[in-house]
Amino acid sequence: MKYYARRIAFYAFTLWATISLNFLIPRLMPGDPADIMLAKMARNGEVAPGVEKTIRLLLGADTDQSMWDQYVAYWGNILRGDLGVSVTKFPTPVTELIGAALPWSIGLLGLATIISFVLGVGIGAIVGWRRGTWVDHLIPASTLLQSLPYFWVALVLVYVMSVNNSWFPRIGGYDVFTFDGPELTWAFVGSVVYHGFLPALVVVISSFGGWLLGMRNMMVSTLSEDYVTTAEAKGLRTSRIFMTYAVRNAALPSIAGFGIALAFVVAGAIIMEQVFSYPGLGKLMITAVQGNDFALMQGLFLVITITVLVATFLMDVVYGFIDPRTRSNG
Amino acid sequence: MSTTTDAGPVTTPEHDAYVAGLEPVLTARHVSVDYEVTPVVHAVKDVSLTLHRGEILGLAGESGCGKTTLAYGINRLLKAPAVLTSGQVTFHDKGGTDIDVVALGGDALRAFRWDKVSMVFQGAMNSLNPVISVRAQLGDVLKTHRPGMTKAERSARSAELLELVGVDPGRLDSYAHELSGGMRQRVMIAMALALNPQVMIMDEPTTALDVVVQRGILREIMRLREQLGFAVVFITHDLPLLLEISDRIAVMLRGEIVEINTARSIFENAQHPYTRRLLGSFPSLTGDRGAFVRTGEAAGEHPEGRHA
Amino acid sequence: MADDIREQELARAAGPAVPLDEAAVDGLPADDDAPQPVESAIVEASAVGTAAPTATTARRGVRQLLPSLSAKLVVGMVITIGITLFAFVAPMFVQDPRYSGNEAFLPPSADHLLGTTKLGYDVFAQLAHGAKGSLMVGLIAAVIAIVLSLVFGILAGYLGGWSDDFLSLGTNVMLVIPGLPLMMVIAIYAPSRSLLLVAFILGITSWAGAAVILRSQARSLRGRDYVAAARVAGEKTGRIVLVEIMPNLLPLLAAQFLSAVILAILGEAGLSFIGLGPNGSITWGTMIMDSYGGNALSSGAWWWFVPPGLMIALFGCGLSLLNFAIDEIINPKLRNAPAAVKSVRRARRAGVDVTARADAVPAPAAAGAVTDQDRETVGA
């Protein structure tokens with residue numbers, strides 16, 4: 001239990017750090033981001049005083065409010081769910097924009113990550129198990145794959161698959177011409193899957209190599225451990241030795257490091273959504289950057305971080321199950 | 001360059017008389033193991049050995065002499081780059097059949113392992129899988145080799161095995177990291193006994209433990225041997241220990257057995273200069289002070305000369 | 001500590017199993033916190049397989065640190081040095097990359113080796129200058145990252161106690177917060193971004209991974225006898241870290257540095273692609289962004305967007321191969337185990353293995369085919 005308590009405490013602390021970073025960064029940069037933002041908004045329409053107050057809180061103001069007071073008020077806003085108003089999609093509140101984009105990203109990313117993990121760890125285990133075969137020579141070749149910038153791979157894929165041969169759609173999360181908006185029909189789901197295929201493929205290609213390599217190295221190390229020799233000497237079936245003695249131990253670092261690897265998947269996915277105009281958080285983030293939409297940016301940073309923390313925590317739970325050493329007291 | 005006569009290891013007539021009346025359980029003839037590195041290393045050179053039913057055979061020698069490699073070779077556990085280049089290993093089963101161990105493969109080999117010959121490895125620290133419980137590890141031996149047993153029967157047998165070696169059966173659900181070194185070693189021995197093997201190979205089973213625990217475990221092994229009647233190949237560098245517990249002792253040097261005899265004969269009347277040197281390098285509680293201090297190679301003690 | 005188990009597993013994957021000097025000299029069991037498997041002196045002495053007679057692995061002293069000349073190493077070095085030379089020499093020989101007098105969208109020809117862009121810039125010239133830009137970013141960012149990871153990693157690992165806890169907390173937080181969003185949040189507020197600023201942002205957001213690995217290694221080294229001896233002799237902390245601990249971690253540091261360079265170059269490319277790259281400089285990343293914005297895809301101008309991506313991949317591949325070579329020094333198991341299995345297969349085919357003969361396997365199994373022979377002993 002101590003293990004889970006510690007992990008939760010850690011994530012809580014990270015959350016606090018994230019929110020504080022959001023608070024600090026605009027105030028540390030030169031210039032007055034709040035003014036810039038407000039000026040922009042004013043161009044698009046009347047700015048309600050409540051909104052102005054929020055913006056100043058989010059980005060820093062030259063009022064005589066002390067840093068600490070601003071900080072407290074900032075927290076108040078966050079807890080109330082007020083993340084400000086977007087400038088690029090004025091006057092939609094940030095939370096609404098994020099809420100609309102979130103399911104797309106989680107769906108695409110979630111699925112792609114799971115596939116990538118399973119594929120990478122699975123193939124890595126098999127390659128590591130049969131060491132000294134021709135498969136080992138593929139490893140250096142896979143480093144080439146690993147070093148390809150994922151969005152560049154996306155561009156090439158898009159070029160090959162949809163511009164030249166229109167096998168797969170180039171843009172969008174679903175067919176915007178046929179459907180007005182998300183609906184609960186099989187046709188819609190089919191359209192979603194169809195549109196999600198290429199982006200998911202690129203995410204998988206760019207990230208499974210890391211897991212593959214890590215798992216393969218761990219398998220090679222684990223296979224020289226004493227307990228594996230003992231298992232062979234005991235005359236156990238090969239499948240049991242593979243799964244319960246080798247894989248179960250070799251996979252631990254991959255699971256422990258899942259959160260870190262996830263950061264890379266997130267990075268890849270952000271850019272993926274740009275290339276494919278996929279309506280997820282990543283695309284929203286890029287829109288925010290290109291429009292200097294600070295409030296939206298902060299909100300997105302917060303939500304993305306929270307998502308990563310949740311996913312990492314889930315993996316920690318899995319880790320706690322598999323490795324009994326975490327369950328002993330201290 | 002061999003220091004033994006072409007006829008094999010040095011021995012005495014007492015030895016031949018001793019083994020005449022015994023029934024062999026494991027016969028190894030002309031076993032050689034090479035390490036396929038560059039240049040090739042001949043770890044075990046043409047070793048022949050007979051193990052008799054119920055006896056304790058000690059295999060002594062310094063680090064790197066090949067005793068562990070020999071044991072692994074006989075047991076078909078060699079790991080790359082080691083390769084068994086020649087040899088005939090026959091297991092004489094209780095029922096009367098002879099099993100050609102070298103020719104075994106696939107399922108037959110898996111069935112043979114642990115059932116007829118089991119092993120206790122050196123450094124039990126890492127011999128237990130850290131992520132599954134003791135129960136699971138004792139259990140999977142039973143599940144694999146005795147598929148007829150029910151879960152309850154397996155549980156009962158596992159508890160029985162732990163009691164046999166002096167470990168509280170309540171420890172069945174513990175994990176490796178929750179056990180002390182001595183306990184882990186006992187669990188390993190329990191695991192080795194699970195299928196009532198006829199031969200148990202023990203590779204430095206107590207070297208990593210403190211002397212008190214060591215004594216306890218050795219006593220346990222002796223007792224179990226009395227009770228269950230299996231033969232033991234006891235591998236260690238600790239010759240005085242072997243003098244105490246074994247029936248016969250084989251001394252290995254650089255991949256060859258240089259002397260083999262009953263424990264008593266070795267103690268009283270060691271023939272080979274290396275054996276004598278080995279005996280002489282353990283400090284004695286009695287006798288002249290500093291009696292074991294090495295006088296160095298210049299005294300001409302090294303049997304192989306100066307190039308070793 | 002239960003938590004430490006998880007961190008150990010984490011570091012186990014990325015870090016070396018046993019630091020160099022350890023494997024050769026100090027056969028004693030490591031302290032409990034160390035991530036490596038306990039290898040007692042006895043195991044080392046007569047183990048079968050891993051510590052096989054050191055016929056090939058018999059190198060002494062410094063030679064032990066240098067990578068053996070394998071194909072991976074050679075190819076890696078050729079690629080890396082080649083591209084580096086290209087980056088610093090080629091710009092002197094090519095057209096001005098911003099000379100727009102050429103015709104637009106020309107395919108590769110003798111005049112323009114890689115064609116031209118939408119604005120008429122010579123792609124090859126862009127590539128050459130871009131190489132310099134990318135490499136500079138990579139280098140600076142990696143240096144910043146390594147310095148930070150040295151502090152948060154080695155210093156924290158060595159000091160222990162609450163300063164370790166404090167630094168580790170920082171490291172773990174930085175580890176978990178996703179990198180690209182963080183970079184974007186920082187970069188968005190800067191009105192104009194120089195190459196240096198981009199490199200800086202990349203550096204300060206990517207040190208955490210290396211820090212974790214360095215810390216766990218430093219922690220295990222802290223317990224070594226020679227470090228304790230130095231402490232007793234009164235050496236100052238700084239000197240101990242620099243003189244006793246760092247040299248042993250040098251291969252690891254080198255590997256981390258190379259990784260940091262690749263990651264920085266990829267990171268810069270990503271940032272450039274979404275418009276947060278360096279203004280005014282040319283890098284491979286800005287080239288990709290320009291090509292995307294200039295509709296190279298729909299115009300079919302593959303010569304514009306393919307080369308920069310390929311260059312990044314090639315350079316990354318070269319660095320990765322170097323890393324592999326270093327990995328194999330640090331973790332001899334990685335090199336020995338597969339090589340060992342291969343040499344046994346060879347011996348078997350030559351008829352040396354009596355168990356293979358006895359079983360009368362009809363024809364030598366094709367590489368990769370699973371036979372029972374392969375399955376008896378794992379890796380045999």
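**First stop: a helix across strands**

Select helix α2 (residues 67–74) of chain B: it lies across β1, β2 and β4 (82–92) of chain B and runs at about 115° to β1(B). Helices (H or I, at least four residues) and strands (E, at least two) are DSSP runs, numbered from the N terminus. Axes are lines fitted to C-alpha atoms, for helices over the stretch in contact, and angles run from 0 to 180 degrees between N-to-C directions. Two residues are in contact if their C-beta atoms, placed from the backbone, lie within 7 Å.

A word on what you are viewing: this is a predicted model, where local features need pLDDT of at least 70 and side-chain atom pairs count only at pLDDT 80 or more, while totals for chains, interfaces and linings use all residues. Residues are numbered from 1 along each chain as its sequence is written, and chains are lettered from A and ligands numbered from 1 in the order in which they are written.

**The open sheet in chain B**

Now show the strands under that helix's name list. In chain B, 4 strands form an open sheet in the order β2-β1-β4-β5, with antiparallel pairing. Strands pair if DSSP finds at least two bridges between them. β2 (41–52) and β5 (98–100) of chain B stand at the edges with a single partner strand each, so one side of each has no neighbour in the sheet. On average, neighbouring strands here are turned by 5° against each other, direction ignored.

Zoom in on strand β1 (residues 24–35) of chain B, which pairs with β2(B) in the antiparallel sense over 8 bridges. Click B:P24 and you will find B:H52 of β2(B) opposite.

**An enclosed strand**

Next, select strand β3 (residues 56–60) of chain B. Is this strand buried or exposed? Since 5 of its 5 residues are buried, β3(B) is largely enclosed by the rest of the structure. A residue is buried if 20 or more other C-beta atoms lie within 10 Å of its own, exposed if 12 or fewer, and partly exposed in between; C-beta atoms are placed from the backbone. B:I56, B:G58 and B:A60 cover one side of the strand, B:L57 and B:L59 the other, and all are buried.

On β9(B), joined to β3(B) by 4 bridges and running parallel, B:A250 is opposite B:L59.

**The hairpin**

Strand β9 (residues 248–253) of chain B also pairs with β10(B), antiparallel over 6 bridges. Select B:R254: in this hairpin, with 2 residues between the strands, B:R254 takes a positive phi near 50°.

**Into the core**

Go back to B:V233. Among its contacts, leaving out residues up to four places away in sequence, are B:L51, B:L57 and B:A71. Of the 279 residues in the largest nonpolar core, B:V233, A:M272, A:M297 and A:L300 touch the most other members. Such a core is a set of buried Ala, Val, Leu, Ile, Met, Phe, Trp, Tyr and Cys residues joined through C-beta atoms within 7 Å.

**Last stop: chain A**

Select A:A288 in helix α13 (residues 281–290) of chain A. A:A288 counts as buried because it has 27 C-beta neighbours inside 10 Å. Its contacts beyond four places in sequence include A:M297 and A:L300.
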